[in-house]
Amino acid sequence: MTVDALTDVAGLRVGHATRSGDGWLTGTTVVLAPEGGVIAAVDVRGGGPGTKETDALDPRNLVQKVEALVLTGGSAYGLDAASGVMAWLEERGRGVRVGQDPTHVVPVVPAACVFDLGRGGDFRARPDASTGRTAVEAADASTLSAPVSEGGVGAGTGAVAGQLKGGVGTASTVLESGVTVAALVVANAVGSVVEPETGLLYGELVRGRTAGPSAAVREAARLRLAEAAARNAPPPLNTTLAVVATDAALTRAQAQKLAGTAHDGIARAVRPVHLLNDGDTVFALATGARQLDAEAPLALNEILAAGADLVTRAIVRAVRAAEPVTGPGGTWPSYTELYGEGGVGGVGEGGGPPEVS
């Protein structure tokens with residue numbers, strides 16, 4: 001039984017640490033690998049990335065596997081969350097062995113951040129090492145194949161997608177070959193996720209959806225968004241982060257190709273994308289449980305295509321799962337509040353965002 005989440009790739013666990021209220025609107029998400037680690041790669045295309053230990057993932061370099069990934073709010077400050085995950089792993093002897101003593105390890109924990117500083121009202125309210133530890137402990141405490149919370153949780157707590165509230169989304173599929181591919185995203189883009197003429201999400205348009213909200217709902221949404229934009233400070237830095245995972249046995253070079261092609265999934269769901277004030281980053285993970293057909297050199301293609309498709313679908317799910325927020329740091333309506341669950345209804349039917357103090 002699958003849960004349509006990153007955790008459908010056997011062995012992977014996801015944990016969130018969420019802080020909101022009293023000036024906070026941020027958090028951290030950890031993807032925890034099975035003990036012994038997994039093949040990992042990264043592709044960074046945004047012009048303003050905030051990352052840690054991504055050079056270690058270059059196929060030309062020494063590190064072969066990683067034990068965890070960190071996605072975090074707090075911009076570059078929030079990368080400190082990875083320190084808490086490193087400490088947790090070290091306590092368990094998990095990491096790159098650097099001596100005869102089995103406790104002498106250096107955990108390599110790649111991390112990437114999104115900009116959400118001040119969105120809860122306090123610029124200094126951002127994730128730190130304790131936040132990272134909370135998130136990795138939550139991942140470790142979860143069961144295998146557990147559902148993954150979406151919307152304004154973890155690294156998606158303070159996420160904003162264009163002028164809408166963003167968040168965490170996830171999705172998975174099982175290919176005809178039996179290989180599982182899954183994705184998890186933090187949707188926090190400068191670009192818009194909504195096609196203005198129809199009110200549909202770009203990520204749903206590319207999947208063939210054509211029925212959108214009425215003209216009256218679109219106009220009401222436009223007015224609400226204009227009001228919110230007038231109140232909010234312009235976002236100086238935003239980012240969409242993604243993790244694409246598979247149970248296929250990939251080389252590090254193949255994993256890097258998967259990370260690269262998965263960026264197409266962001267481009268289908270966010271417009272424009274990969275700007276100078278974005279830090280768009282995609283990680284790829286491969287657990288190696290299923291061998292690719294050695295007689296079919298193009299077998300990787302279906303995994304590459306699925307990875308991009310799942311990133312698009314995960315962004316749609318993130319935006320649809322997000323709940324509206326208003327507080328001292330700004331006002332961000334949700335897509336569902338403005339346009340309705342199924343492309344009808346919306347702000348004309350009443351309702352408003354909860355307060356965040």
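The largest cavity of this predicted model holds about 30 Å³ of space. Rolling a probe the size of a water molecule over the atoms shows where empty space is left. Here a cavity is a set of points, on a 1 Å grid over the protein atoms alone, where a 1.4 Å probe fits but cannot get out; grid points are joined across faces, edges and corners, and the volume is the space filled by probe spheres set on the points. A search of the whole structure finds one cavity of 30 Å³ or more. Its lining residues, which have an atom within 4 Å of a point, include W24, L25, D116, R119 and D122. The lining divides into four nonpolar, four polar and three charged residues, with Asp, Glu, Lys and Arg counted as charged, Ala, Val, Leu, Ile, Met, Phe, Trp, Tyr, Cys and Pro as nonpolar, and the others, Gly among them, as polar.

Strand β5 spans residues 68-72, and five of its five residues are buried, that is, under 20% relative accessible area (1.4 Å probe, protein chains only). Strands are DSSP runs (E, at least two residues) numbered from the N terminus. In a regular strand the side chains alternate between the two faces of the sheet. In β5, A68, V70 and T72 lie on one side and L69 and L71 on the other.

Strands pair if DSSP finds at least two bridges between them. Strand β2 (residues 24-32) runs antiparallel to β5 and is joined to it by five bridges, whereas β8 (residues 111-113) runs parallel to β5, with three bridges. T72 is the bridge partner of T28 and also stands opposite C113 in β8.

Residues are numbered from 1 along each chain as its sequence is written, and side-chain values use heavy atoms, with hydrogens and water left out. Local features need pLDDT of at least 70 and side-chain atom pairs count only at pLDDT 80 or more, while totals for chains, interfaces and linings use all residues.

Note on methods:
On a 1 Å grid over the protein atoms alone, a cavity is a set of points where a 1.4 Å probe fits but cannot get out, and a pocket is an open set with protein on both sides within 12 Å along at least five of seven lines; lining residues have an atom within 4 Å of a point. Buried means under 20% relative accessible area, exposed over 50%, partly exposed in between (1.4 Å probe, protein chains only). Helices (H or I, at least four residues) and strands (E, at least two) are DSSP runs, numbered from the N terminus.
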